[in-house]
Amino acid sequence: MNPFDLLPPGLKKRLIRWLEDNRGLVIVLFCLPASFIFDTGLSLYKWFQRTLLSAPERHDARVRQIQRRVGDWNKQDAPSRRPMCTSRPNWLSLSTTFFKKSECHRIPVDLYDILQLDTERMVVRVEPMVTVGDITRYLIPRGYTLAVTLEISDATCGGLALGVGMTTYSHRVGLYQETIVSYDVVLGDGSLVRATADNEHKDLYYCLPWSHGTLGFLVALELQIIPVKQFVHMRYIPVRGQKQYCDRMRELSGALDKDAKLPDYLEATVFDRDSAVIMVGNFAKVDTPEKAAKVNHVTRWYKPWFYKHVETFLTKGESDEYIPLRDYLLRHNRAIFWVLESMIPFGNHPVFRLFLGWLCPPKPAFLKFTTTPGIRAMTFSKQVFQDIVLPMTVLEESIDLSEKLFDTYPVLIYPCRIYDHGPSNRGQLRSPKSDQMCPGANYGMFYDLGVYGTPGPVRRKRGYYNPVESMRAMEAFIRKVGGYSFLYADIFLTEEEFNEMFDLEAYNRARKKYHAEGAFPRLYEKVRPEVDVVKIGNEYAQAE
Ligand SMILES: Cc1cc2nc3c(=O)[nH]c(=O)nc-3n(C[C@H](O)[C@H](O)[C@H](O)COP(=O)(O)OP(=O)(O)OC[C@H]3O[C@@H](n4cnc5c(N)ncnc54)[C@H](O)[C@@H]3O)c2cc1C
């Protein structure tokens with residue numbers, strides 16, 4: 001029972017309005033300290049797990065235990081068997097949805113170890129629950145990083161593999177899935193297979209990304225690593241004019257020229273329709289006093305939020321600095337890109353940062369752990385969280401559409417190759433259309449359009465906003481141009497529309513062949529929001 005329901009309706013409405021109007025204060029007074037205590041507890045538990053329970057040499061025994069549990073599930077009466085999923089609580093996942101794990105048979109997949117670093121093959125072998133925070137802490141002092149990672153330290157290597165991962169290095173190598181050398185998977189019948197791009201299980205290899213645990217339990221994976229220097233030399237290029245910054249991104253990402261010299265890292269933050277700052281990063285050494293004077297530890301608690309720092313170059317003009325690599329990789333962690341501003345509007349004030357900045361960000365796991373049905377409804381009705389993969393050919397159109405539908409800035413642009421692996425290596429993504437291909441190459445240049453924030457009419461408490469209409473219009477556009485919604489976020493697609501967006505032919509074949517039918521939920525069942533977003537969204541729609 002929600003305690004608010006005990007209040008008279010008038011008082012309840014006023015109280016909710018007060019809480020919404022003073023959300024920043026409520027978060028600072030209650031949420032941040034509670035999140036800090038929660039995070040400390042979780043970190044202690046993780047430290048305990050990493051240092052005292054860590055036992056890479058026991059990996060095979062742990063996998064056999066999972067196989068035994070799947071074997072036991074197979075011995076149950078077929079009609080009464082519920083599909084399986086991992087027992088990892090929903091609140092530990094970064095996804096905005098809450099898949100109903102209680103309706104499944106839960107199998108513990110407690111695999112947290114880094115297993116092996118092979119610098120000859122340039123791969124690291126990990127268990128799936130190793131986080132981005134863990135792996136960067138391990139690899140960077142040794143002179144490496146993952147070829148593709150994510151800026152959020154709580155994302156897991158396994159979650160990124162079975163969901164999707166994309167970063168500012170993806171214009172060079174593509175999605176996270178392109179950097180996976182092998183997957184070890186426990187199938188629905190309890191057998192263990194290793195899938196690679198060219199072994200007898202290559203059909204499984206190509207369908208595991210975007211499968212969200214509906215083809216088997218991932219128990220280990222090998223990831224490509226790259227050598228690094230300890231700093232990223234970052235050039236901030238402010239650009240005025242939409243066509244100008246879009247053309248510049250196409251040029252810098254090599255969208256039109258496969259032989260273009262590419263920077264190591266590339267992204268753009270769009271601050272309004274006609275203003276963006278493009279960030280070009282290259283690995284660098286800091287070996288002179290001039291360079292040392294330009295070092296900026298952007299993730300320290302008292303520093304401005306990264307995107308706010310970036311915004312200053314719109315007025316200051318083009319500039320450069322040197323960012324320590326781990327700071328660079330986690331630059332968006334403290335403000336959760338720009339999500340934190342809608343929670344703590346004064347959070348970037350220097351006094352707040354100095355005294356309380358170390359409490360940020362509130363832990364995503366804590367936010368999910370304390371999500372009530374009302375807050376859950378707000379995450380898609382009064383806010384927008386979407387990452388969308390789109391072809392570079394529609395860059396301008398997509399920014400205009402995002403403004404029309406959501407009226408919120410900044411917007412994130414990460415260019416990313418989408419490879420055409422040919423008809424016999426099909427996964428859930430279709431081959432790019434011919435006009436989307438980079439001439440002469442086997443990939444097309446796409447990008448992640450990241451739209452996070454509060455839609456304009458909701459922010460201003462004036463004007464019309466219906467999340468269902470906006471989201472469905474965006475999804476219709478995505479389908480029309482051959483793009484994809486990231487499935488960690490709420491989708492408003494019907495199953496038919498979902499099947500139109502994704503190519504599920506090879507996936508459905510893999511489900512039959514690899515004993516996933518009946519053993520694991522179907523993909524649409526697994527990723528669709530657990531609540532009726534259309535009904536609730538229409539109820540929450542804001543009138544003029
Ligand atoms: C604010 C925000 C911004 C984001 N920006 C980006 C971005 O810029 N680029 C990007 O690539 N992504 C982005 N993401 C999304 C992020 O990549 C996904 O949430 C991703 O899935 C990683 O999260 P996770 O480790 O919590 O995975 P989970 O959600 O835990 O896992 C993903 C899926 O795989 C299943 N699964 C996980 N492990 C196993 C296993 N061992 N066996 C079987 N099934 C398993 C889970 O059940 C789930 O369905 C963003 C997310 C947020 C919240």
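This is a predicted model: local features need pLDDT of at least 70, side-chain atom pairs count only at pLDDT 80 or more; totals for chains, interfaces and linings use all residues.

Reader: What span should helix 19 have, and what is the distance between its end C-alpha atoms?

Author: The expected span is 1.5 Å times one less than the number of residues. Helix 19 covers residues 467-481, so its 15 residues should span 21 Å; the end C-alpha atoms are 21 Å apart, which agrees.

Reader: What makes N466 a cap of helix 19?

Author: A side-chain oxygen of N466 lies 2.8 Å from the backbone nitrogen of V468, at the N-terminal end of the helix. A polar contact is a pair of N or O atoms within 3.5 Å; within protein, one must be able to donate a hydrogen and the other to accept it, and residues adjacent in sequence count only if both atoms are side-chain atoms.

Reader: Why is strand 11 described as largely enclosed?

Author: Buried means under 20% relative accessible area, exposed over 50%, and partly exposed in between (1.4 Å probe, protein chains only). In strand 11 (residues 275-284), 9 of the 10 residues are buried, so the rest of the structure largely encloses it.

Reader: How do you know that strand 11 pairs with strand 9 and with strand 10?

Author: Two strands pair if DSSP finds at least two bridges between them. Strand 9 (residues 231-240) is joined to strand 11 by 10 bridges and runs antiparallel to it, with F231 bridged to A284. Strand 10 (residues 265-272) pairs with strand 11 over 7 bridges, also in the antiparallel sense, and V270 stands opposite A276. Strands 10 and 11 form a hairpin with 2 residues between them.

Reader: Why is the pair of F38 and W91 called edge-to-face?

Author: Rings of Phe, Tyr and Trp (its six-membered ring) pair if their centres lie within 6.5 Å; planes under 30 degrees apart count as stacked, over 60 as edge-to-face and the rest as tilted. The whole structure holds 28 aromatic pairs. For F38 and W91 the centres are 5.7 Å apart and the planes stand at 65 degrees, which is edge-to-face. F38 lies in helix 2 and W91 in the loop between strand 1 and strand 2, 53 residues apart. F38 has 18% relative accessibility, so it counts as buried; W91, at 24%, therefore counts as partly exposed.

Reader: What makes the pair of Y265 and Y328 tilted?

Author: Their ring centres are 4.6 Å apart and their planes stand at 40 degrees, so the pair is tilted. Y265 lies in strand 10 and Y328 in helix 12, so the pair ties together parts 63 residues apart in sequence. Both residues are buried.

Reader: How do you know that the charged end of R417 sits over the ring of Y443?

Author: A charge sits over a ring if NZ of Lys or CZ of Arg is within 6 Å of the ring centre and within 35 degrees of the ring normal. The charged end of R417 is 4.0 Å from the centre of the Y443 ring. R142 likewise lies over the face of Y138, at 3.9 Å from the ring centre.

How values were computed
Residues are numbered from 1 along each chain as its sequence is written. Side-chain values use heavy atoms; hydrogens and water are left out. Helices (H or I, at least four residues) and strands (E, at least two) are DSSP runs, numbered from the N terminus.
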